[in-house]
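Q: I am new to this structure and would like to learn how to read it. Could we go through some features together?

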Amino acid sequence: MEQYNVIGMSCASCSARVEKAVSQVKGVKTCSVNLLTNSMTVEGTADSVSIINAVKNAGYGATLKGEKNTTEKADDIEDMQSKGLLKRLIFSSAFLLVLMYFSMGHMVGLPLPKFFEHNHIAMGLIQLLLSAIIMVINQKFFVSGFKGLIHKAPNMDTLVALGSGAAFVYSTYALFAMTNAQVNGDMDRVMYFMHQFYFESAAMILTLITVGKYLEARSKGKTTNAIKSLMKLSPKTAVVIKDNKEVEIPIEQLKKGDIFVVRAGENIPVDGVIVEGSSAVNQGALTGESIPVDKTVGDTVSAATINLSGYIRCEAVRVGEDTTLAQIIKMVSDASATKAPIAKIADKVSGVFVPTVMAIAILTAIVWAVVGQSAGFVLARAISVLVISCPCALGLATPVAVMVGNGVGAKNGILYKTAVSLETVGKVDYAVLDKTGTITKGEPVVTDILPCEDFTETELLEMAYALECKSEHPLSKAITKKAKEENISQREVKDFKVVSGNGITGIYNNKNLAGGNLNFVSKYATIDNSAIQKAQSLAEQGKTPLYFTLDNNLLGIIAVADVIKEDSKKAIKDLKDMGINVVMLTGDNERTAKAIGREVGVDTVISDVLPDGKEKEIQKLKAKGKVAMVGDGINDAPALTSADVGIAIGAGSDIAIDSADIVLMKSNLSDVVGAVRLGKATLKNIYENLFWAFIYNIAGIPLAAGVFIPLFGWELNPMFGAAAMSLSSFCVVANALRLNYVNIRKDKKYIKLRNKKEKKEMEKTLKIQGMMCPHCEAHVKNALEGVDGVVSAQVSHEKGTAVVTLNKEIDTNLLIDVVEKQGYKVIS
């Protein structure tokens with residue numbers, strides 16, 4: 001599989017043309033063109049030269065991804081195109097204002113220069129000159145449009161070129177006819193042709209479509225930034241041991257088997273195994289989880305993770321493209337290249353719409369010529385068909401609604417990158433939430449202080465602070481922060497020692513002070529069962545219990561946890577109220593994940609998932625419906641890109657934000673609900689705009705063709721056709737502006753949708769015998785969720801139950817058979 005950057009595409013017809021051209025190359029098995037990322041993925045045996053030449057022959061440019069500076073060049077070209085559109089828009093608007101002054105200024109009482117008063121030829125020439133300038137400025141529409149006709153693949157530019165060109169040609173004809181009439185002294189004919197000028201229509205068509213093109217260009221964004229940011233995570237150099245000396249070398253020179261050194265605060269350059277030392281390693285860059293993992297000799301470390309404390313020596317085991325970070329980069333790149341955006345309805349229709357309109361125009365001219373009408377009448381009817389069927393409303397229907405929707409979102413801290421994200425987020429069936437930084441705050445804090453009977457909370461916190469203030473471990477920092485908030489004074493501890501992965505010790509007033517997990521502190525004091533039970537209860541709530549002892553006495557327990565955000569519970573409830581199934585997907589351990597899941601009320605919890613596993617889980621859910629992924633860690637990037645719509649928390653890494661379709665700037669999970677509501681409202685608005693655009697053409701084209709002349713005497717002047725075109729665009733814009741009044745925080749319409757959907761869902765509870773552990777739960781859960789009609793299954797081996805949510809009636813005996821085939825007994 002090879003990936004290419006494609007240059008010069010402007011609409012879905014363009015991407016279809018590229019895909020068709022490349023698919024015809026000998027040796028190409030499959031070809032997928034992504035308009036959003038301007039990229040193409042090709043599978044087969046064809047060489048890259050043949051593929052690039054095929055793209056060039058279709059009228060576009062292509063470069064093979066991976067070539068030196070290819071991405072940078074593609075970005076530079078895209079930036080130039082965006083700037084070029086803005087310049088075209090500015091100059092077109094400036095000349096259009098002057099043109100409108102000469103063509104329609106007198107209608108609003110604006111005085112004309114004396115030279116132009118009663119000088120009809122001069123008025124016509126100045127309008128021709130100004131409209132010609134605007135057409136030259138926007139010549140790309142004509143080049144692309146007529147090139148599409150030559151290749152038998154008309155696009156949106158073809159419609160623009162036909163509409164504007166027809167108006168200009170007819171106006172030019174009218175100008176020459178008027179000049180001839182004035183030479184002959186026929187002032188009635190002069191005034192008649194004077195009113196046949198549609199130069200302003202030709203110019204306005206181009207300017208309005210340029211607005212749409214510019215808005216579309218601004219909404220695309222730069223998805224390649226995600227991959228670039230991932231690449232920046234890896235250090236450029238590494239310190240290796242050579243001849244018993246530390247030598248700094250470029251990362252490219254680091255080979256498998258080399259011994260490299262990482263000090264506290266430094267990034268680990270490649271994947272390796274620790275051969276000397278110990279440390280706490282922040283793996284958030286890969287796992288997205290905030291609490292570091294203690295590492296010692298024999299443990300593996302990964303590129304882009306951070307050594308928080310200690311000095312370690314490691315042996316390189318995976319370098320270059322084999323590292324975990326490189327694999328994540330590849331996943332993001334592949335997902336970006338193969339993900340197809342929702343096809344633009346207007347571009348799909350334009351392939352049929354343009355030749356149909358041309359055929360109608362030709363047929364109109366033939367019919368009226370056959371019945372004996374004059375050449376001028378025949379030409380007027382054909383041009384009226386082309387002018388009234390101008391695609392302004394069709395072209396603006398989506399970008400204008402997207403623009404207004406984006407504006408409403410921005411005011412509420414919700415940024416949509418593409419029109420696709422606005423369309424898709426309103427259709428989601430599953431909302432998949434990462435735990436750390438999304439549902440929770442992403443930083444550990446003290447949640448419980450449980451002193452023993454002989455000590456107070458303050459005394460326990462004082463002793464813990466005296467010990468933990470000397471440690472760099474994130475859990476220690478949580479206790480230190482809490483002590484400072486309570487204004488606890490720092491006490492002196494001597495002979496401080498860190499036992500990596502277990503705990504810490506020190507001497508206070510000639511007494512042994514220790515803190516850490518149960519196994520560690522049991523060496524220093526006897527821990528009674530009641531304290532152990534309290535700690536287990538805290539652990540079941542997703543908290544980390546830390547024991548503290550002084551000589552042979554247990555001081556108490558302090559629990560540290562990544563606490564849930566204030567708005568998470570309500571946001572999840574709102575999503576469920578809208579009929580969306582909420583799934584928590586995390587790399588955290590099962591016990592912690594289930595505790596958090598129960599507290600916030602998600603439908604399904606999937607834990608212990610690695611980065612590539614997250615993408616696989618998303619793919620499984622996509623088989624059941626549309627999926628929105630919400631996350632903030634680098635490990636979420638493949639899942640965010642793979643989902644139908646990726647939503648990134650604003651406080652997360654830049655990688656996740658670049659890989660996502662929607663960014664929540666305020667980091668509130670409740671904004672996910674707002675994003676869905678706004679997506680539904682915008683999608684409805686787009687459909688309304690497209691409906692108007694099509695109905696306008698369906699009603700207007702017969703009128704322009706003269707179908708109603710024999711019946712009612714209705715004859716449409718091309719000028720009024722152009723006016724109708726302008727009115728259609730105005731109606732589309734006005735309708736889109738209604739989105740400003742959408743309340744995305746509370747909208748009863750979507751609660752009603754929830755009630756309708758909830759009526760279709762039901763629950764069945766199975767009492768199951770024989771489940772002994774979480775693995776048993778997983779077997780039963782996977783079996784039940786594999787049944788058609790099962791939305792989710794909540795399985796608990798402690799309770800011995802499986803609560804099954806259904807979206808249709810299913811025979812209970814079928815569910816029982818599925819469970820019992822796994823080796824368990826359903827008793828009720």
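Q: Which residue is the bridge partner of Val261 in E13?

A: Welcome! Before that, a word on the model: it is predicted, so local features need pLDDT of at least 70 and side-chain atom pairs count only at pLDDT 80 or more, while totals for chains, interfaces and linings use all residues. Residues are numbered from 1 along each chain as its sequence is written, and side-chain values use heavy atoms, without hydrogens and water. Helices (H or I, at least four residues) and strands (E, at least two) are DSSP runs numbered from the N terminus, and two strands pair if DSSP finds at least two bridges between them. Here, the partner of Val261 in E13 is Arg313. Strand E7 (residues 259–262) and strand E13 (residues 312–318) run antiparallel and are joined by four bridges.

Q: What stands opposite Val261 in strand E5?

A: That is Val239. E5 (residues 237–242) runs antiparallel to E7, with two bridges between them.

Q: How do I read a pair of aromatic rings, and how many are there in the whole structure?

A: Such a pair is described by the distance of the ring centres and the angle of the planes. Rings of Phe, Tyr and Trp (its six-membered ring) pair if their centres lie within 6.5 Å; planes under 30 degrees apart are stacked, over 60 edge-to-face, and the rest tilted. A search of the whole structure finds seven aromatic pairs. Phe142 and Phe146 form a stacked one, 6.4 Å centre to centre with 20° between the planes. Both lie in helix H5 (residues 139–150), four residues apart, about one turn of the helix. Elsewhere, ring pairs link Phe708, Phe712 and Trp714 into a cluster.

Q: Is Phe142 buried or exposed?

A: Buried means under 20% relative accessible area, exposed over 50%, and partly exposed in between (1.4 Å probe, protein chains only). Phe142 is buried because its relative accessible area is 13%, whereas Phe146, at 36%, counts as partly exposed.

Q: Where does a whole strand count as largely enclosed?

A: Look at strand E28 (residues 790–796): six of its seven residues are buried, so the rest of the structure largely encloses this strand. E28 pairs with strand E29 (residues 801–806) in the antiparallel sense over six bridges, and Gln794 stands opposite Val803 in E29. The two strands form a hairpin with four residues between them, and Gly800 in the turn has a positive phi of about 70°.
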